[in-house]
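Dear colleague,

Please look at the model first and then go through the notes alongside it.

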Amino acid sequence: MEHFDLIIIGTGAGGGTLARKLAPTGKKILILERGNYIPREKENWDTEEVFLKGRYKAKENWTDKNGKSFHPGIHYCVGGNTKVYGAALLRMREQDFKELKHHGGISPAWDISYQDLAPYYLEAEKLYSVHGLRGSDPTEPFDENPYSLPPIEHEPRIQELFNNVKQLGLKPFPLPIGFNNSPKNGDSQVVLDRFDGFPDPTESKADAHVVGIKEALKFENVTLLTNAYVNRLITDASGKSVKKVEVELNGEFINYSANTVIVSAGAVNSAALLLRSANEKHPNGLANGSDVVGRHYMAHNNSAMIALSTKPNPTKFGKTFAINDYYFGADDFDFPLGHIQMLGKSDAEMFREDAPSFAPGLTLEYMAKHALDFWMTSEDLPLAENRVTLDKNGNIKLSYTENNLEGHKRLQKKLRWILEHVGCETHVLPNNVYLGKKIPIAGTAHQCGTIRFGNNPKTSALNTNCRAHEVENLYVVDGSFFPSSSAVNPALTIMANALRVGDHLIKEVL
Ligand SMILES: Cc1cc2nc3c(=O)[nH]c(=O)nc-3n(C[C@H](O)[C@H](O)[C@H](O)COP(=O)(O)OP(=O)(O)OC[C@H]3O[C@@H](n4cnc5c(N)ncnc54)[C@H](O)[C@@H]3O)c2cc1C
């Protein structure tokens, strides 16, 4: 059995970032990834292939709480879900780390503070080439350090919309986006098109493959195995240490061992892996004496909204501003509503499935040409009954009941109000048509919370260094550790935390 200093399972925001951080230590590192590289091919930017046929989505189904099968929007590949993410990289708000009262209940405090993560947010923003404007977001925590790269310029139609929103007395701000705009080999023009939801063959999008794994593999001490599905973690007889990592590689089972094992398979799959690894000493699943593993699944209350304006919108990259004025509340509501951001520009193909029901008589081409695209995120709460379990065949069951919806409904209303009032209705949005689509359970993009961290081993599975309370050489660094979900996109927090855990490993463990 080959032995390593460290095994990292998964190459997404958590695993990819940690691999990059630890590669220069010279320690012998094995990275195990169940997927393969997404090929660079013309289909990368083909809406029908990517959106309608799900070319890069995992080919597996899960079941919901009623046993109904669904196809999750999840991606098994080098870089994980960051390969298709929109790279909107926002910090959680300082108050998100504290207890927050929501209409639907309490969002619990984290056992680390914003200040503990602040230096790592900065490190992650630099690593992922985040373009932004510090101080422009009214709810962003203070940091004297500016973003090292300037915000992306709005294209003319988006600039106009931005100005109109500002005239309403709101404070729209440039959306922080991670991309590398230094031309490669002196010849490539950075193309910010087909970005949100698509893999990027130009590799200018700062994803965990390009920024994390590709750079880590430049070090001889780092090995990556793809198509390497981690089936189980096997402990020693005491149950206190992981002794073997059982991997299914090309149909064969192989064991590897390491001094330290880092799980970063994404919130659903990491929980599933620990549950699959139950043994005599851990009858409820590995490191699960607290019975929290798999529980408190969160994925946000998310909706997409498309507004049709009479004015054409020839924008290529629309994802350049966001609105946080309602993040913590509104004049008519004392509880948090959430976050609004622009989406990548839609096209006719994307509307094909929904169009006839909401816009009869309009051609898809007309709609696409005139659409303004928005994404809304509100916090969902960590309910114990929202959980990942395994059925008798070992397949994933994701039980989720929507919650804390009032703030989200009000956020949708606020956005409708904004859209009705931007600029002058006669030529901006006189005949508004909206596609207001709440993202269903298959929308697992923002999954988190299933192996939460904390000081109390009775209510958390990991300590605040993300080490399992009950297993001394086991860490988890993907989105599983979140005690609450906040209302911003999760990836920057996952990356920053991976860097924080990386520092801990370098100083205290390796
Ligand atoms: C379309 C889309 C758009 C998004 N846009 C944004 C955005 O703009 N901003 C933002 O902050 N977030 C965004 N997200 C969410 C973001 O991508 C995730 O929060 C982030 O990737 C989660 O990181 P992770 O490390 O927890 O897991 P992942 O990135 O999912 O990585 C997990 C990895 O583990 C591997 N794996 C799973 N099981 C096993 C196993 N048993 N053995 C070996 N390997 C395994 C997977 O193949 C995968 O590579 C988006 C997501 C999607 C799908």
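The ligand is surrounded by 40 residues, of which the closest are Gly10, Gly12, Gly80, Asp478 and Ala491. Two or more residues of this shell come from each of helix H1 (13-22), strand S11 (228-235), helix H6 (267-276) and helix H11 (491-509). Sorted by class, the shell around the ligand holds 19 nonpolar, 18 polar and 3 charged residues. Please keep in mind that this is a predicted model.

As for the chain as a whole, it has 11 helices and 21 strands, and its C-alpha trace spans about 75 × 55 × 50 Å along the principal axes. The radius of gyration is 22 Å, which agrees with the value near 24 Å that a compact globule of 510 residues would have. Of the 510 residues, 52% are buried, and among the contacts with a separation of 6 or more, 74% are between residues 24 or more positions apart.

In soluble globular proteins, nonpolar side chains tend to be buried together. In this chain the largest nonpolar core has 138 residues, and those with the most contacts inside it are Ile7, Ala19, Ile29, Ile262 and Met495. Helix H11 gives the most to this core, with 9 residues. If residues up to four places away in sequence are not counted, Ile29 touches Phe4, Asp5, Leu6, Ile8, Ala19, Leu22, Ala23, Asn221 and Val222.

Lys319 may also be worth a look, and it is found in the loop between strand S14 (301-308) and strand S15 (321-323). The C-alpha atoms of Lys319 and Leu32, which are 287 residues apart along the chain, are separated by 33 Å.

Finally, there is a hairpin formed by strands S18 and S19, with 5 residues between them, and in its turn Gly394 has a positive phi of about 85°. Strand S18 (residues 387-390) pairs with S19 in the antiparallel sense over 4 bridges, and Thr389 stands opposite Lys397 in S19. Strand S19 (residues 396-399) has a covered face made up of Ile396 and Leu398, whereas Lys397 and Ser399 lie on the uncovered one.

With best wishes

Conventions: Residues are numbered from 1 along each chain as its sequence is written. This is a predicted model: local features need pLDDT of at least 70, side-chain atom pairs count only at pLDDT 80 or more; totals for chains, interfaces and linings use all residues. A residue is near a molecule or strand if its C-beta atom, placed from the backbone, lies within 6 Å of it. Ala, Val, Leu, Ile, Met, Phe, Trp, Tyr, Cys and Pro count as nonpolar, Asp, Glu, Lys and Arg as charged, and the others, Gly among them, as polar. A residue is buried if 20 or more other C-beta atoms lie within 10 Å of its own, exposed if 12 or fewer, and partly exposed in between; C-beta atoms are placed from the backbone. Two strands pair if DSSP finds at least two bridges between them. The radius of gyration is taken over C-alpha atoms; the globule rule is 2.2 Å times the number of residues to the power 0.38. Two residues are in contact if their C-beta atoms, placed from the backbone, lie within 7 Å. A nonpolar core is a set of buried Ala, Val, Leu, Ile, Met, Phe, Trp, Tyr and Cys residues joined through C-beta atoms within 7 Å.
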